[in-house]
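Let's take a walk through this model together, starting with its secondary structure and an open space in the protein, then moving on to the overall fold and two individual residues. Keep the 3D view open as you read.

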Amino acid sequence: MSDDRTISVYNDRAAEYAALFAARTDAGEEADFQAFTARLPEGGTVLDLGCGPGHWAARFRDAGFRVAALDAAPEMAEAARAAFGIEVITAGFHALDAEAVFDGIWAYFSLLHVPREELSVHLSAVRRALTEGGTLCLAMKLGESEGRDELGRFYAYYSEDELREKLETAGFTLLGARRGEGKGLAGTAQEFVVLTAHA
């Protein structure tokens with residue numbers, strides 16, 4: 001993510017965002033976590049790509065995995081460090097240039113902030129960064145086109161079929177999909193899809 005307005009919103013509302021997700025229990029999210037971690041080797045290496053305030057990165061660490069975390073918003077990185085002791089690489093998605101390093105990459109409602117024309121580039125980078133057979137969890141909002149929400153954040157929306165095609169083109173094999181509806185920081189209910197795939 002390199003959109004300054006989006007990063008600014010997350011910097012300004014980092015504490016609110018952290019509190020929102022700290023208080024939330026969601027059976028679907030728990031199922032996503034379990035499906036993802038079940039495929040990882042014991043003590044495997046996970047990248048939380050767009051980690052926000054670090055709640056998922058902390059869960060991976062506490063489950064015994066080695067964790068790297070990346071987020072473009074400095075205040076989110078600070079929230080992750082303060083709450084969980086997670087050290088976050090403060091950078092946009094373009095910083096991912098690893099090769100065959102991670103057993104799993106958790107891109108949970110993060111890559112939806114990149115322009116539609118750039119998603120394939122990022123998915124290819126994710127594929128390269130995964131070990132052979134490594135697992136990706138990709139959560140995205142459903143819809144069409146791209147634009148800003150009521151808070152000013154940039155979003156790109158896709159159909160499930162579009163996302164499946166992009167994953168296959170990037171070299172992934174789809175393992176499963178879950179659809180749902182939820183509210184985020186803006187408080188607007190939106191449909192989403194969570195796709196699990198392996199390299």
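This is a predicted model: local features need pLDDT of at least 70, side-chain atom pairs count only at pLDDT 80 or more; totals for chains, interfaces and linings use all residues.

The largest pocket has a volume of about 590 Å³. It is lined by 40 residues, and Y10, Y17, F21, Y108 and F109 are the ones closest to its centre. Which elements supply at least two residues each of that lining? They are the helices α2 (14-22) and α4 (55-62), together with the strands β4 (102-108), β8 (173-183) and β9 (189-198). The largest share, four residues, comes from β8. Sorted by class, the lining holds 19 nonpolar, 10 polar and 11 charged residues.

Now zoom out to the whole protein. Does its radius of gyration agree or disagree with that of a compact globule? For 199 residues, such a globule would have a radius of gyration near 16 Å, and the protein has 15 Å, so the two agree. Along the principal axes, the C-alpha atoms fill a box of roughly 40 × 35 × 30 Å. Buried residues account for 49% of the 199 residues. If you take the contacts between residues at least 6 apart in sequence, 65% of them join residues at least 24 apart.

Start with F33, which sits in helix α3 (residues 27-37). Its relative accessible area is 4%, so F33 is buried. Leaving out residues up to four places away in sequence, F33 touches W56, R59, F60, A63 and W106. For a sense of scale, F33 and T188 are 155 residues apart in sequence and 23 Å apart in space, C-alpha to C-alpha.

Next, find T196 in strand β9. Is T196 buried or exposed? T196 counts as buried because its relative accessibility is 12%, and the cut-off for buried is under 20%. Beyond its neighbours within four places in sequence, T196 is in contact with T135, L136, L174, L175 and G176.

Definitions and conventions: Residues are numbered from 1 along each chain as its sequence is written. Side-chain values use heavy atoms; hydrogens and water are left out. On a 1 Å grid over the protein atoms alone, a cavity is a set of points where a 1.4 Å probe fits but cannot get out, and a pocket is an open set with protein on both sides within 12 Å along at least five of seven lines; lining residues have an atom within 4 Å of a point. Grid points are joined across faces, edges and corners, and a volume is the space filled by probe spheres set on the points. Ala, Val, Leu, Ile, Met, Phe, Trp, Tyr, Cys and Pro count as nonpolar, Asp, Glu, Lys and Arg as charged, and the others, Gly among them, as polar. The radius of gyration is taken over C-alpha atoms; the globule rule is 2.2 Å times the number of residues to the power 0.38. Buried means under 20% relative accessible area, exposed over 50%, partly exposed in between (1.4 Å probe, protein chains only). Contact means heavy atoms within 4.5 Å.
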